[in-house]
Amino acid sequence: MGTEGGRADGRTGGPEARCVIAAIMLLVGCGGGGTPAGPTLPVVPGATPSLLAVAGGGNNVRERYSSDLWLHGDFAYTGTWGGQARTLDNASARGNAIKVWRLDAEGRPVLADSVLVGTVASVGDVEVTGDGAWLVAATENGADAGLLVYALADPARPVLAGRFPTAPQGFHTATTARINGRWYAFAARNPATGADPALVILDITNPAAITVASTITVPRTYGIHDTFVRDGLAFLCNWNAGLQILDVGNGLRGGSPSSPAQVSTTGLTAGVLSGPSIHNAWWFHNPVTSERRYLFAGQEGPGTIGVSSSGELKVLDVGDLANPREVAFFRLPGAGVHNVWMDEPRQILYAAFYNGGVVALDVSGTLSGDLSGRVLSVTRPGGDGNTYVWGVMLHRGSLYVIDFLSGLWQMARSGALLR
C-alpha cells in the first residue's frame, strides 16, 4: 500500500508551547535573562566550518520569535511563536503570523507576505503537502487554535481553505502524508480540561470539510510531540512514554489512517536528561546501502530561550520494527537537540541544537556508541548570543535554517557537504 510524504517534524516542539502547556512544562524554561552563551564545541580532527550563512537572517523577523519552516518550489513559509514578549521591535507576545518568503534566483529569501492567523499564541508547525496544493499549519493556545489549511493557487498569497478547531489547546505539531490517494494530517493535540493529549489523524483531502479518521490518546503525564510518517508507518514521539510505531497503511499489521495498528512501543534511556523525553524522529532510508536500519530520535530537555538548552540525539536500530533498540548517541555539551533533517544521498544528518547552532553529522556505515567523532561542522548562523536554531531543511542544494532569534537563513554550499 503506497504512501507519500513524511517529515522529521517538523515537525517541531522546543520552547514554543512548553511555556503554556503544563503537562510538558519541564521541557524548556520560559524566560530570558543572563548572558547568552554558546556551548563548548567538540574538536574533531579534519572537521571544517563547511556551512556559511550567506543570505537572510540578521533578525529579518523582528517583531516576533520564529518557529518552524517549510520550503516548496520558489517559496518558503515560516511560523512564529508567542508566550514571551520580544523586545527587539517592541513586539507583542503573540505568535499569530505565518511568514511567506519568495526565493530569488540564488535561493535567497525575501519576505513576500505576513499572514495573520487569529487569536492564537503560536504557529507551531507549517508544512506544504507534497503536491504543492496546500499549506498546513498547527496552531495552539487561543480561541482560534487548531489546524489551518491554506490553498496555494498563488504560493505568495495563501488563502484559508479550511479549519479544524481544537480551542483552546490546539495542536502542537502536524505533518502530512498521502495514503491510498487521500491527504492526511497527523496532528498532536495538546492536553486540556477533559481532553487527553492525542494524535489526531485528520482527512484533509477536502479542506472545506476536514474529518477525523482516528484518535490515538497517550497518557496525560507524557503528552505527544512530533510524528514522522513514511511508507505507511507513523512514528509517534510520546515524550517519556517513548517511541510508538503504528501501521497506518504500510500493510505490516493491516492498519490504516482510520484504524491504526500498533507495531511496537519503545522506551528510551534518559541519557543526560531526567527522563527519555523523545521529541522528534527521522527514519533513515539509506539509498547508498539500501538499508532502512536506523531511526534518529531527538531528546529535548530544559533550557532558557536564547541562552541554554539540553538533550541529546539517540540512534535506534529499527531493522526489526517490532523490536527497536538503542545503538548510538550524540551530545553537544551545553546544548540540546530540537529538529533534524537528513541529506540521505550523502548520508549526512543536520540537527538544530538551539544555542549550539547547526550540527552536521556523518551517519554513513555502521553506527554505534558515541558519534562525537563524526562531526563535520558546527555553525551558529546568528553568531554568539543571537543563535537559537529551531529547525533545518534542505531545498535545492541549500540548507535553510530557521532561528528562533535571528530569523530565516540560507546556508551556503561549501566543500563537499552540500554540493
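Mentor: Start with strand E8 (residues 134–140) and strand E9 (residues 146–151), which pair in the antiparallel sense over six bridges. Strands here are DSSP runs of E with at least two residues, numbered from the N terminus, and two of them pair if DSSP finds at least two bridges between them. The model is predicted: local features need pLDDT of at least 70, side-chain atom pairs count only at pLDDT 80 or more, and totals for chains, interfaces and linings use all residues. Residues are numbered from 1 along each chain as its sequence is written, and side-chain values use heavy atoms, with hydrogens and water left out.

Within this pairing, leucine 135 has tyrosine 150 of E9 as its bridge partner. Both strands belong to an open sheet of four strands, in the order E7-E8-E9-E10, with antiparallel pairing. Strand E7 (122–128) and strand E10 (159–165) form the edges, each pairing on one side only. On average, neighbouring strands of this sheet are turned by 20 degrees against each other, direction ignored; the axes are lines fitted to C-alpha atoms, and angles run from 0 to 180 degrees between N-to-C directions.

A side-chain link involves glutamate 127: its side chain makes a polar contact (3.0 Å) with the side chain of threonine 175. Such a contact is a pair of N or O atoms within 3.5 Å; within protein, one must be able to donate a hydrogen and the other to accept it, and residues adjacent in sequence count only if both atoms are side-chain atoms. Threonine 175 is placed in strand E11 (residues 171–179).
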